[in-house]
Amino acid sequence: MTTFTELALSKPVLSAITRIGYEQPSPIQAAAIPHLLEGRDILGTAQTGTGKTAAFALPALSNIDLKVEAPQVLVLAPTRELAIQVAEAFQNYASDMRGFHVLPIYGGSSMSGQLRQLQRGVHVVVGTPGRVMDHLRRGTLKLDKLKTVVLDEADEMLRMGFIDDVTWILDHTPAERQVALFSATMPAVIRKVANTYLNNPEEIKIEAKTATVSSVTQRYWKAVGTNKLDAMTRILEAEDFDGVIVFVRTKTLTVELAEKLEARGHRASAINGDMSQQLRERTIEHLKKSKIDIVVATDVAARGIDVARVSHVINYDIPYDTEAYVHRIGRTGRAGRTGSAILFVAPRERNMLRSIEKATRQTITPMELPSREQVQTRRIDQFKASIDKALEQSDLSIYSDLIEAFVKEREIAPEQVAAALAFMAQQDRPLVMEEPRKPERRDSRDATPGFGDEERRPRRERKEETFSGESIAMERFRIEVGHDHQVKPGDIVGAIANEADLSSAYIGRINLLDDHSTVDLPAGMPAEMLQLLKKVRVRNQPLNIQSQGAADDFVPGAKSPRPKRKGPPNRGGDRPNNRRDSRNDGGRRR
């Protein structure tokens with residue numbers, strides 16, 4: 001199989017993965033999906049990072065009957081982190097399946113919350129063995145409609161002592177159900193479980209490919225607290241680079257990110273599978289001839305790119321499997337040169353980082369973002385170098401005469417003229433950078449109603465600025481996301497707070513409706529900020545923010561005035577697995 005369109009997946013699932021940016025199935029996906037769609041049992045040997053979550057989730061979703069609001073798929077995972085990760089994957093793949101619900105259940109989370117969700121009805125349950133057993137004993141998890149059971153990382157569950165729990169759960173599933181067992185290794189105990197509970201399974205073994213990329217220096221940055229675009233901009237400011245390929249997961253993000261990089265002064269262009277072959281070839285040719293310096297690409301679109309001047313590969317989105325990572329960083333360090341690969345890793349993506357290290361047989365070293373002072377020093381050095389170059393290579397006599405005449409005419413010092421010209425030349429990249437506003441949440445007493453143009457005052461002074469119940473004028477805005485998009489207030493707060501650099505204390509009432517919502521923000525938001533917010537995406541849906549006029553005054557830092565949710569008891573927005581999409585950079589939960 002060469003594309004997902006050749007697999008017999010349902011239309012909603014195929015639509016979702018196309019939008020996500022999947023273009024070619026990995027070996028485990030190509031081998032397992034056809035058999036799982038046919039209802040056959042699977043015994044798969046595959047390492048973490050080979051794409052096996054999609055291998056079982058895509059066919060399972062294609063076979064789900066949304067009219068039956070009862071668990072039809074049960075996935076057992078060894079850890080709560082993996083359970084959450086798998087549940088989020090199901091949610092993403094089912095984004096075009098109206099009314100679909102998935103629930104992660106694991107120890108340490110609220111039992112009452114899980115009970116409410118189970119009573120409302122879910123189609124997929126992803127859980128750790130202990131908590132699944134608890135629900136089965138209570139009678140709160142009904143498996144009479146179960147179609148498929150997935151045992152994910154079975155050898156890890158064996159190592160953690162869960163194998164008896166797993167067999168106990170399997171004994172409580174219907175006799176007529178499909179079982180998919182995936183394990184990185186196949187010890188005798190796992191083989192025995194397979195022989196006992198699987199019916200004439202199709203055995204699939206994906207050999208772990210190892211790769212060493214000795215000519216490429218690999219580093220990673222923990223994507224926490226700072227917007228990824230801001231982080232990449234800092235890195236590009238501080239690194240000595242020639243050509244760069246930035247890898248993202250979706251076709252849409254290639255265009256959006258290239259536009260944002262251009263707006264920040266970089267020569268960038270997108271390349272993705274929606275572009276014609278002629279346009280892709282022209283973009284690559286521009287990269288070769290230094291007409292552009294940065295290409296933002298998806299995995300499939302970047303295959304075959306062989307440009308010697310590519311000195312850096314930036315994994316803006318972590319790849320879905322280790323093989324893709326090896327292909328990515330192979331775009332640099334070519335023709336006998338050395339290269340540099342930088343990987344952005346969110347906390348919940350640490351397992352993939354370990355898998356990548358294992359596959360490449362190299363340790364990927366952590367890196368710190370360049371400081372404001374380092375970026376400023378770099379800009380000054382580059383400015384001085386550009387002056388040296390102009391002095392060495394250009395005939396400046398006409399300009400010398402012009403400046404001399406200007407100095408005499410205005411009766412000012414030549415240094416002042418030079419400073420004015422330097423200011424004009426560096427308006428887009430100031431040599432002296434303003435102190436950035438801290439992105440992290442602040443105590444409401446320290447909040448001010450500005451939008452990032454003021455410096456933070458010392459705490460001794462700020463202490464005198466407590467609000468004392470003073471209210472500020474608010475404006476109500478309509479945004480084009482709501483219950484139908486499975487959005488939560490925290491998603492909206494995070495997106496606006498980060499993109500507008502606005503303290504969450506100044507985001508007022510949020511009213512979630514079916515196909516849209518309203519949000520109250522301080523009156524007088526800058527026009528350019530509103531224009532930016534129009535394009536911000538929540539749940540892969542642009543906000544398209546529009547003013548609806550004045551709203552009630554609001555006391556910053558006061559208890560949130562947002563009303564409790566009304567309407568149907570559940571549209572998917574309150575489920576614990578519905579976290580912000582990774583493509584909404586820097587989102588914060590409230």
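At what angle do helix 10 and helix 16 pack, and how far apart are their axes? Please begin with that pair, and then describe what else surrounds helix 10.

Modeller: Please keep in mind throughout that this is a predicted model. Two packed helices are described by the angle between their axes and the distance between those axes, and I will give both values for each pair of helices. Helix 10 and helix 16, which covers residues 372-393, pack at an angle of about 40°, and their axes are 9 Å apart. That angle makes helix 10 oblique to helix 16, and the crossing of the two helices is left-handed. If you look for the residues that meet, you will find R234, E237 and A238 on the side of helix 10, and V375, R378, R379 and Q382 on the side of helix 16. Sorted by type, the residues of this contact of helix 10 with helix 16 comprise two nonpolar, one polar and four charged.

Helix 10 has another helical partner in helix 11, residues 251-263, and here the packing angle is about 50°, with the axes 12 Å apart. Helix 10 and helix 11 are therefore oblique to each other, while the crossing in which helix 10 passes helix 11 is right-handed. The contact is made by L229, M232 and L236 from helix 10, together with L257, K260 and L261 from helix 11. The residues of the contact of helix 10 with helix 11 divide into five nonpolar, no polar and one charged.

For comparison, you can turn to another sheet and its helices. This open sheet has seven strands in the order 3-4-2-5-6-1-7, with parallel pairing, and its edge strands are strand 3 (102-105) and strand 7 (202-205), each of which pairs on one side only. Neighbouring strands of this sheet are turned by 15° against each other on average, when direction is ignored. Strand 1 (residues 42-45) pairs with strand 7 in the parallel sense over four bridges, and T45 stands opposite K205 in strand 7. Helix 2 lies across strand 1, strand 6 (178-183) and strand 7, and runs at about 170° to strand 7. Helix 5 (residues 111-120), in turn, lies across strand 3 and strand 4 (124-127), and its course is at about 150° to strand 3.

Helix 2 (residues 27-37) also packs with helix 3 (residues 52-62), at an angle of about 25° and with the axes 9 Å apart. An angle under 35 degrees counts as roughly parallel, and helix 2 and helix 3 are therefore roughly parallel to each other. Helix 2 passes helix 3 in a right-handed crossing. In this contact, I28, Q29, A32, I33, L36 and L37 of helix 2 meet K52, A54, A55, F56, L58, P59 and S62 of helix 3. The residues of the contact of helix 2 with helix 3 divide into 10 nonpolar, two polar and one charged.

Terms used: Residues are numbered from 1 along each chain as its sequence is written. This is a predicted model: local features need pLDDT of at least 70, side-chain atom pairs count only at pLDDT 80 or more; totals for chains, interfaces and linings use all residues. Side-chain values use heavy atoms; hydrogens and water are left out. Axes are lines fitted to C-alpha atoms, for helices over the stretch in contact, and angles run from 0 to 180 degrees between N-to-C directions. Angles under 35 degrees count as roughly parallel, over 145 as roughly antiparallel, 65 to 115 as roughly perpendicular and the rest as oblique. A crossing is left-handed if the near helix is turned anticlockwise from the far one by less than a right angle, and right-handed if clockwise. Contact means heavy atoms within 4.5 Å. Ala, Val, Leu, Ile, Met, Phe, Trp, Tyr, Cys and Pro count as nonpolar, Asp, Glu, Lys and Arg as charged, and the others, Gly among them, as polar. Two strands pair if DSSP finds at least two bridges between them.
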